[in-house]
Amino acid sequence: MEIKGKTVLVFGGAGLVGAAVCRMLMKEEPGELIVCSLFEDEVKETITEMKSKFPGSKTRMSGVSGNIFVRASLKDKTREEILYNQQYRRFMISDVLEKMDEALLKRSYLYRILRRFKPDIIVDCINTATALAYQDIYRSAAEVLKASDRVKSGEDDDFRSSIERHLCTLDTPQLVRHIQILYESMKSAGTKVYIKIGTSGTGGMGLNIPYTHSEEKPSRVLLSKSVMAGAHTMLLFLMARTPDAPITKEIKPTAAIAWKSVAYGPILKKGTTIPLYDCPPSKGIYLMKNGSLHVAAEFERLRKNDILRSVYIDTGENGFFSRGEFETITALGQMEFVTPEDIARNTILEIKGINSGHDVINALDNATMGPTYRAGSLRERAIKQMLELEKKYKKESVAFEILGPPRLSKLLYEAFLIKKVYRTLDRAAETSPSEISRNVTTIIERDRTLRAEIISIGIPILMPDGRRLLRGPSIKIPTPFDEGKPTVRNINRWAYDGWVDLRVQNMKKWNSRFKKIQEEIRKINSSETGSHYDRDRDFWLKEKEINIGKLISWIFITEEHGSRMKV
C-alpha cells in the first residue's frame, strides 16, 4: 500500500522500535501519524522528536496514551491498582472471560482508539507476549494455594481476592480476547494493513538460554513468553486467512534489539533510580546461626541521596545495560543483536507490498501443509462407502455433535427433516413455510428414534409454539457460561446457535435458502463446462435428492461468510 497521505497508527510508538518505525514513516509523508503508547509523557516526547527531525513535514501528528488491553475506564490504571481493587478486578475478569458481545467491544479502549482515528495502516510494536506472560501465572497460582492453606488452618484471609487476582493473570484468554477485539475494531475502522512486530521470547536462543530473572533454567516465565509469542503468531495467521480482515503480517526479530542511546548517568530500573546500600563486614548475617536469609539484615543507605550511576547503553524496553552486559549478550554465539532501524526498514517494505523476506505469516503460509490432490481424489471414495453402508443398514448418517459446533448439528438435522418430507430442493422451495413447519413437526412427533437421536447428542428441539422444548440429559446451547433467562430474545439466540427449530419463522429462512439456490442454478448457463464455478449445475442437480452436507456448506459460505480464503 502507498503510505503517502494515509492515516497510520503506531502502537508502542514511543518505544525503541516504535520510534524507529515512526521516523521511517515520516519520510513516506503519511497524511496523519498517530503515536500510541502507555504513558502520555512518552507520547509527547516522541511527537516532539518527530517534529524536530522533520520540521517541514505536512504530516499531522496526533498522540494517544493508555493501556489498550483493558476497557476505556481502566486505561490509565496500573496493574497493581486493578489487581487490588475488587471492582476493577471484576471488570477485567468480565471483559476477558465472558462471551464477546457488542457492549464489551465498545467499552474496549482499543476499539475506541480505532473508531476515533480510523487508521488505514496499523504498526503494532507492543511486546504483547511479554506484557501477558510476565504477569506470572506461576507466582499467582502459588499465592492462591497459600491463601487456601491459610483458610483451611482458620487464619483470616481474603481467599476470594486471591482467586480473582489469579483469574486476572490468565494469559491465554487475554490474548484471545485481544485478537477478537482487534479484528472487530479494525473491521469497523476500515483498516487495510496490520503489521505486528513480534518476538520469539528468547532473543532467538533455545531452551538453553542463560538469561533469566533468577528463575530455574529454562525459566517457566520466559518459556511462557515464548508460548504467548507463538500463540499470537498463530492467531495472526488465522486473521490473515480471514477474507474481511486487513492484510496481516508479522516481523519477528530473533535477536536482542539495541539501541537508543549511550550515556553516563543514573541507572533506571522500571523508571526508578537504584539507591546504594552498604553492609559492613561486622554486621553480616551468620548463616548457620540464623538459618534463614530472610532476616532483618543491618544494611544501611550509603549516603542519603546516593544512587547508582554509571556508563550505560539504553536498549529501550529491555532497559539499561552496562558495557559488560551489552558485550556479553551481543557476543557471537549469544543473542547477538539487531537494530530498531533494521526492523523499521522491513516494516516499511511490507506495508508497501514489497517482500522483505521476514514476514513470518507469509512463511507459515508457504510452509504449512494444506489440502492435497490425493485427499480430494479419495474423498469421493469415502463418501461412496458411507452411502453404501447407509443403504445396507437403512440408516442415514446426519450428525453426532462430536465435531461441533452445535449450529452445524442443528442445521444438518433441520435440513434432514425437510429432506425426509420433500426430497428435492424444488419441492421445498415451492412449499409454504407454515406447511414445512407442520410436516417436519409431524415427523418429530411420530419418529421416536429420530427424536431421541437428536436430543441425546445435546441438541434440543424447539416446537412450533416456541414454548415447548424437547431435550435430553445434556444440552450444548446455552453453554454453562450463558446464564440468561429464557426470554424471547434469548430463545431466538439459542435456537439459532444450536436448537432444531420447528417454528414457522425458521422455516421461512429455509424456504428463502432454497429459492436462492434455485436462482444460483438458473444463472449458470446449461452449456457452461469451464472451471469458473465452484458449484455448477451438476453440483446441485446430479443427485436427485437434497444433499444436506452440500446444503450446510453453502450456508456457512454464503450466509456466514465462513469460506476458506487460502485454497
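A search of the whole structure turns up one cavity of 30 Å³ or more. By cavity I mean, on a 1 Å grid over the protein atoms alone, a set of points where a 1.4 Å probe fits but cannot get out; a residue counts as lining if it has an atom within 4 Å of a point. Grid points are joined across faces, edges and corners, and a volume is the space filled by probe spheres set on the points.

Before going on, the ground rules. This is a predicted model, in which local features need pLDDT of at least 70 and side-chain atom pairs count only at pLDDT 80 or more, while totals for chains, interfaces and linings use all residues. Residues are numbered from 1 along each chain as its sequence is written, and side-chain values use heavy atoms, with hydrogens and water left out.

The largest cavity holds about 50 Å³ of space. Its lining includes Ile-126, Asn-127, Lys-196, Ile-197, His-232, Glu-250 and Lys-252. The elements that give two or more residues to that lining are α7 (128-133), β5 and α11 (220-240). Helices (H or I, at least four residues) and strands (E, at least two) are DSSP runs, numbered from the N terminus.

Lys-196, one of the lining residues, also forms a salt bridge with Asp-124, the closest N and O atoms being 3.4 Å apart. Lys-196 lies in strand β5 (residues 193-197) and Asp-124 in strand β4 (residues 121-124), so the bridge ties together parts that are 72 residues apart in sequence. Is this pair buried or exposed? Lys-196 is buried, at 1% relative accessible area, and Asp-124 is buried, also at 1%. The cut-offs are under 20% relative accessible area for buried, over 50% for exposed, and partly exposed in between (1.4 Å probe, protein chains only). A salt bridge here is a side-chain nitrogen of Lys or Arg within 4 Å of a carboxyl oxygen of Asp or Glu.

How many salt bridges does the structure hold? There are 36. One of them pairs the side chains of Glu-341 and Arg-23, at 3.1 Å from N to O. That pair links distant parts of the chain, with Glu-341 in helix α14 (residues 340-351) and Arg-23 in helix α1 (residues 16-27), 318 residues apart. Glu-341 is partly exposed at 26%, and Arg-23 is partly exposed at 21%. A local case is Lys-44 with Glu-40, where the closest N and O atoms are 3.5 Å apart. Both residues lie in helix α2 (residues 40-53), four residues apart, about one turn of the helix.

Next, the second largest pocket. A pocket is an open set of points with protein on both sides within 12 Å along at least five of seven lines. This one has a volume of about 2,000 Å³. It is lined by 49 residues, of which Arg-379, Ile-383, Asn-547, Gly-549 and Lys-550 lie nearest its centre. Which element gives the largest share of the lining? That is α16, with 10 residues.

Now a sheet. Three strands make an open sheet in the order β8-β13-β14, with antiparallel pairing. β8 (261-266) and β14 (320-321) stand at the edges with a single partner strand each, so one side of each has no neighbour in the sheet. Strands count as paired if DSSP finds at least two bridges between them; β13 (residues 309-314) and β14 are joined by two. Ile-313 stands opposite Phe-321 in β14.

Last, the backbone. Most residues other than glycine have a negative phi, and most peptide bonds are trans. A cis peptide bond joins Ala-258 and Trp-259, with omega about 5°; Trp-259 sits in the loop between β7 (256-257) and β8. Another cis bond joins Ile-477 and Pro-478, again with omega about 5°; Pro-478 is in the loop between β17 (469-470) and α21 (488-498). As for positive phi, Glu-29 has a value near 60° and lies in the loop between α1 and β2 (32-37). Glu-29 is partly exposed at 44%. His-561 has a phi of about 50°, lies in the segment after α24 and is exposed at 63%.

That is the end of my list.
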